[in-house]
Every structure is written in structure tokens, then in C-alpha cells.
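Please consider the predicted model shown here. The paragraphs that follow lead through its charged pairs and then its strands.

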Amino acid sequence: QVQLVESGGGLVQPGGSLRLSCAASGIIFSRNTMGWFRQAPGKQRELVGTITSSDNTNYADSVKGRFTISRDNAKNTVYLQMTSLKIEDTAVYYCTAGFRFWGQGTQVTVSS
């Protein structure tokens, strides 16, 4: 019933950009803090950033200034705009709603 459907992952060169989308259903979207996490091979899942129901954002230091989280409550969708991508950004990226529900993950590979 609760679904988080992600899209936008793929292969990109260092310095490039990608926008990830996460469309939610089965939740009261506007009331949920939404977030993005990522997990690289052999590493812990780590916070990328969050956006609250009141539109406050926070970011991991590693992505601050390069990534932007936004939400469109009318579309029940949260976005992760990634710019100036680095090789170390390579990971599976996960969308979460309220830290209770999770998307399937989408692969982002930054490689030359």
C-alpha cells in the first residue's frame, strides 16, 4: 500500500548532474519528513539529506553545496538534485518517508 517509487539514477561522468525523484503513495505526504540516504559497496548507509514538512533541509557535509533536496506536495514527490558529482558519490540512493518507509533504491554511478 505504501510505495516510494524512485527514478533518475544512472551513469554520469565526474562533474555531471543527475536529478533523482521519489514519488510517494499511501502516506500523507505533506506531513512527512522525507529523506535521502545512500550506501556504497562495503560501507554503511549514510544520510544524504532531509526535508521536513515545513520545508527545512539539512545535508551531510560531504554533499552540502552540491546537492539540493526539494519537495512538491501537490505531486507527492521529493527530489534530489545532484550537481558537481564526484566518484565518491557512487552509491545506491534510497528515499525514505518519515524514516519508516523506504524506496527500492536506485543506482548512481559516477565514473569516467
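In this predicted model, R66 and D89 form a salt bridge whose closest N and O atoms lie 2.7 Å apart. R66 sits in the loop between strand 6 (57-59) and strand 7, and D89 in the loop between strand 8 and strand 9 (91-97), so the pair ties together parts that are 23 residues apart in sequence. R66 is buried, with a relative accessible area of 11%, and D89 is likewise buried, at 0%.

The structure holds five salt bridges. Another of them joins the side chains of D61 and K64, at 3.5 Å from N to O; D61 is exposed, with a relative accessible area of 69%. The side chains of D72 and K75 also meet in a salt bridge, at 3.4 Å from N to O. Here D72 counts as partly exposed at 23% relative accessibility, while K75 counts as exposed at 54%. Salt bridges with shared partners link R38, E46, R66 and D89 into one network.

K75 leads on to T77, whose side chain reaches the backbone oxygen of K75 at 2.8 Å. T77 belongs to strand 8 (residues 77-82) and, at 9% relative accessibility, counts as buried because the limit is under 20%. Beyond residues up to four places away in sequence, T77 touches S21, C22, A23, F29, S70, R71 and D72.

Technical notes. Residues numbered from 1 in each chain as written. Predicted model: local features only at pLDDT ≥ 70, side-chain atom pairs only at ≥ 80, totals over all residues. Heavy atoms only, no water. Helix = DSSP H or I, 4+ residues; strand = E, 2+ residues; numbered from the N terminus. Buried < 20%, exposed > 50% of the residue type's maximum accessible area, 1.4 Å probe, protein only. Polar contact = N/O pair within 3.5 Å; in protein donor to acceptor, adjacent residues only side chain to side chain. Contact = heavy atoms within 4.5 Å. Salt bridge = Lys/Arg side-chain N within 4 Å of Asp/Glu carboxyl O.
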